[in-house]
Amino acid sequence: MRLGRPARAAIIGFALTLAAACSSGGGTTASAPPAAASGGLEKTKIKVATLPAIDSAALYVAIDQGLFEKEGLEVTPQVVQAAPEAIPMMLNGEIDAMFGNYVSMFQAQDKGTLKLRILAEGSRAAPDSLSIMVLPTSPIKTAKDLEGKTINVNVLHNFQELALTQVLKANNVDPASIKYVQVTFQNIMPSWKGGQIDAAYLGEPMVTAATSTMGARKILDPASGPAAEFPISGYVSTQEWYDKNPRVAAAFQRAIHNAAKLMENNREVVSKVLPTFTQIDAATAATVTFPYFSSSDNPVRLQRVADWMLEARWLTKAIEVKTLMSPTTSG
């Protein structure tokens, strides 16, 4: 069965989210730098690299609702197709900051490619936004049946695999028995139907489409249990840029946090901006599942990512995430 235009548009949006990302609690306790205590902004115009994905919606809501303007900032988004594209741009000073996934950012920090500063948290995985699914004829019935099976991911050794590993362990499944294969978004369905993968790692709206048109069955939610509200992406700069622009960083963070607060109880403000920077049309934007958007920053929540990466040996040494995070200045 062919999907209608809204469903196809939403699926494209999901693909861009995964490709770009591979999305409550107390704030940080560090004190603000002395330079941030008083005075005007160090600069009033900044460029921020963003992704054509739902996860970066807070930045566009902040622009649309005048929240940056209220802080005295003019923010220009610069769209890239994947976060790694923006790292050299940030290092070269072409942009001031970027939106990217934490796994890639922590890997860059670990390798010494980037001295990182987290300006504000961005997105966290929401319940049922991701699913491990099987075809109706599959012998896989339970999570335990996934042992020894092949599952697709967009990018090897990124957030999909990291979160699912913890959920598998919580369900008494040996993560080492899973074979992950990198499959481009366009090839997931052909690979699944052709038997190259035993279970498909999908997100909305593909979960709904696979259920309704193929009779697919959900086996596991990768954003459940220990991976509930798993932090996916955030807004970052270099430490050098932050040291030179602490008041700009604080103003940017306040606007992002205030946008997220507005988005918590007002779905329409998100739906309004999605068609302006993604391939999701207005009809689909009104119904598509959103991730959680962070209205405060929580080092404990985010530390999970670095700890799991170290456990998986994706880092050479431990990262104390709190030391990379900006002081929370939002009221």
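1. Strand E4 (residues 116-124) pairs with E11 in the antiparallel sense, over two bridges; pairing here takes at least two DSSP bridges between two strands. Arginine 124 sits opposite tyrosine 292 of E11. Helices (H or I, at least four residues) and strands (E, at least two) are DSSP runs, numbered from the N terminus.

2. Bear in mind that this is a predicted model: local features need pLDDT of at least 70 and side-chain atom pairs count only at pLDDT 80 or more, while totals for chains, interfaces and linings use all residues. Numbering starts from 1 along each chain as its sequence is written, and side-chain values use heavy atoms, with hydrogens and water left out.

3. Zooming out, E4 and E11 belong to an open, mixed sheet of six strands, ordered E2-E1-E3-E10-E4-E11. Strand E2 (74-79) and strand E11 (292-293) are at the edges with a single partner strand each, so one side of each has no neighbour in the sheet.

4. On to the cores: sets of buried (under 20% relative accessible area, 1.4 Å probe, protein chains only) Ala, Val, Leu, Ile, Met, Phe, Trp, Tyr and Cys residues joined through side-chain atoms within 4.5 Å. The largest nonpolar core has 96 residues, with Met98, Phe106, Phe230 and Phe252 making the most contacts inside it. Helix H10 (residues 246-264) supplies the largest share, nine residues. Another core, apart from that one, has 14 residues, including Met133 and Ile188.

5. Helix H6 (residues 159-170) packs on helix H13 (residues 299-311) at about 80 degrees, axes 10 Å apart. That makes the two roughly perpendicular (65 to 115 degrees).

Notes: Buried means under 20% relative accessible area, exposed over 50%, partly exposed in between (1.4 Å probe, protein chains only). Axes are lines fitted to C-alpha atoms, for helices over the stretch in contact, and angles run from 0 to 180 degrees between N-to-C directions. Angles under 35 degrees count as roughly parallel, over 145 as roughly antiparallel, 65 to 115 as roughly perpendicular and the rest as oblique.
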